[in-house]
Amino acid sequence: MEAKNIWETIKELKSNHEIILYGYSFLGKNIEQVLEKNSFSIGHIWDKSAKTNIPSISEPFENGNHEDLVIVCIGNSFIREQVKGSLLQRGYGNILPENVYKKLVNASLDLYEQKNKFSTAEKSLSTQTDFERLQEAIDYAVETNYLVWEREYFFREKSRVAKNLVFSGYMEDDIAEDFFKNYCQNNGLNNLTAICSFNPDCYGKKALGVEYVEPQKLLELDDLFVVVNDTENHKIKDFLNNNQISWCDITDLELNVFDSKFSSEWFSEEKENILKVYDWFEDAESREIYVETICNRIAPHLSRKDYFELKSSEIQYFDSNILTFNNHENLVDAGAYTGDSIMSFLETVNSLFDNIFAFEMDENNFFEMKKNLEKDKIDPRIHLYRKGVYSKNEKTPYISNAGGSVMGTDSNQYVEMVMLDEFLKNHNISMIKMDIEGAELDALTGSKNIIKEQKPKIAMSVYHHLYDIWKIPLYLRSLNPEYRFKLRHYTNTVWDTDLYAYV
């Protein structure tokens, strides 16, 4: 496969057409550097994120006949249709033909990677404090109208339209394989061709119905897009870059999957709260995680660390360096999954506790949990409930996914949701662990009396929604001003950033 740079394709077109580059570039002030780096001069550029002296979209059309005009749309299909509609309304020129557009679909990715190279150099010279970077990240989201949110959808579009979709990395367990299986099903992907890895032990094996192949085999494929699962593996990323193969990190597909796009006004309104919570964390590690996770999600060029560099090696939810435990704990496990966190708790307290109240709303996960916890005999101190935890008592439809289930209207599966304040009204609660796929704030609302009166220690997910990482501490402290906070991160990707709250 002979890889062709986006700029080479544009240069070929330029010999026969007048070219106007139009759309989102992800480049900001660095766009002129990228053009210069590619030895390419272009007459007119419209860049929504740039704050340079670039002509407006109307200027190219003020004079002359543009019968041979080609508009090069930089962005995903949504942006392309937006551009097309805008220009056709004005009666301007020809939109780039579909077959040529497919050659140019790498544009945003190429430009984004160029920006990262410039930003890396800038970061090494930066003397900004973490707090200053946090401020700049929020300002960037305001100024660009949260442009990064559209990057995720660009990569999703890339994975959908490519003729050959390849996952990179060994599927070490059923959870990883189930995630990619569900990702393909949920996004209507039927173009998965192979899984590539440098690990020769997996060659000849299959996962997700396709074979593992060595990376060199990718050079035989055309119209290729790779999703990198093994995020720490710079070897595969270097291979893809050196061979000009389009790719994204798995994190790029899931950064803000639970949220719709927030506006500039929303970020302006939230800025004070985001900055306020920064000062509430008890240690430097927590403040670093806070800044890095927010930067990675709203202004990636300002991040200094990838997620795998933030990963803790301690036991998730029950880190004894943060929380203290006694022999009479009464634990609420909301989102108990298959019992894995209960087993971690039993190990932490050496099976010395009073009660565990475990809530899991997914039917398959619930019965798997029962099987795991009742291998020898039923412990009467462990109470299992096939229910969800929420802000009110109701029956609601839910959608079952690998790794977790979410409430949703498009389902014929129903589950009972309960308020902890009412369901556990007559019980002492010393700790709440919560990971319930984005419903955490609602569940806390249904637990406010327990939190106010009993002041349990809390370990909970704050990554499903962008705002969880600051809104949940704000809510907890509004209920109990004595709460102190720490953050820890537990995976190589955006998932599993947890808040610890204690008095």
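I started with K433, which is found in strand β18 (residues 431-434). Strands here are DSSP runs of E with at least two residues, helices are runs of H or I with at least four, and both are numbered from the N terminus. The model is predicted, so I note the limits: local features need pLDDT of at least 70, side-chain atom pairs count only at pLDDT 80 or more, and totals for chains, interfaces and linings use all residues. Residues are numbered from 1 along each chain as its sequence is written, and side-chain values use heavy atoms, with hydrogens and water left out.

**K433, continued.** I looked up its burial: K433 has 2% relative accessibility and counts as buried. Buried means under 20% relative accessible area, exposed means over 50%, and partly exposed lies in between (1.4 Å probe, protein chains only). Setting aside neighbours within four places in sequence, I listed the contacts of K433 as Y317, L331, V332, D333, A334, G335, A336, S341 and A459. A contact means heavy atoms within 4.5 Å.

**T396.** I found T396 in strand β15 (residues 394-401). T396 is buried too, at 9% relative accessibility. From T396 to E416 I count 20 residues in sequence, and their C-alpha atoms are 6.5 Å apart.

**Cysteines.** I searched the whole structure for disulfides and got zero. A disulfide is a pair of cysteine sulfur atoms within 2.5 Å. C196 is buried, with a relative accessible area of 0%. I also checked C295, which is buried at 0%.

**Helices α11 and α18.** I looked at α11 (residues 264-278) and α18 (residues 468-479), whose axes come within 10 Å and cross at roughly 60°. The axes are lines fitted to C-alpha atoms over the stretch in contact, with angles from 0 to 180 degrees between N-to-C directions. From α11 the contact takes W266, E270, N273, I274, K276 and V277, and from α18 it takes I469, W470, K471, P473 and L474.

**Confidence.** The chain averages a pLDDT of 77, and 70% of the residues score at least 70. pLDDT is the predictor's confidence in each residue, from 0 to 100. Over residues 38-71 the pLDDT is below 50. Residues 22-35 also stay under 50, and there the model has 54 contacts beyond four places in sequence. Where pLDDT is low, the predicted coordinates should not be read in detail.
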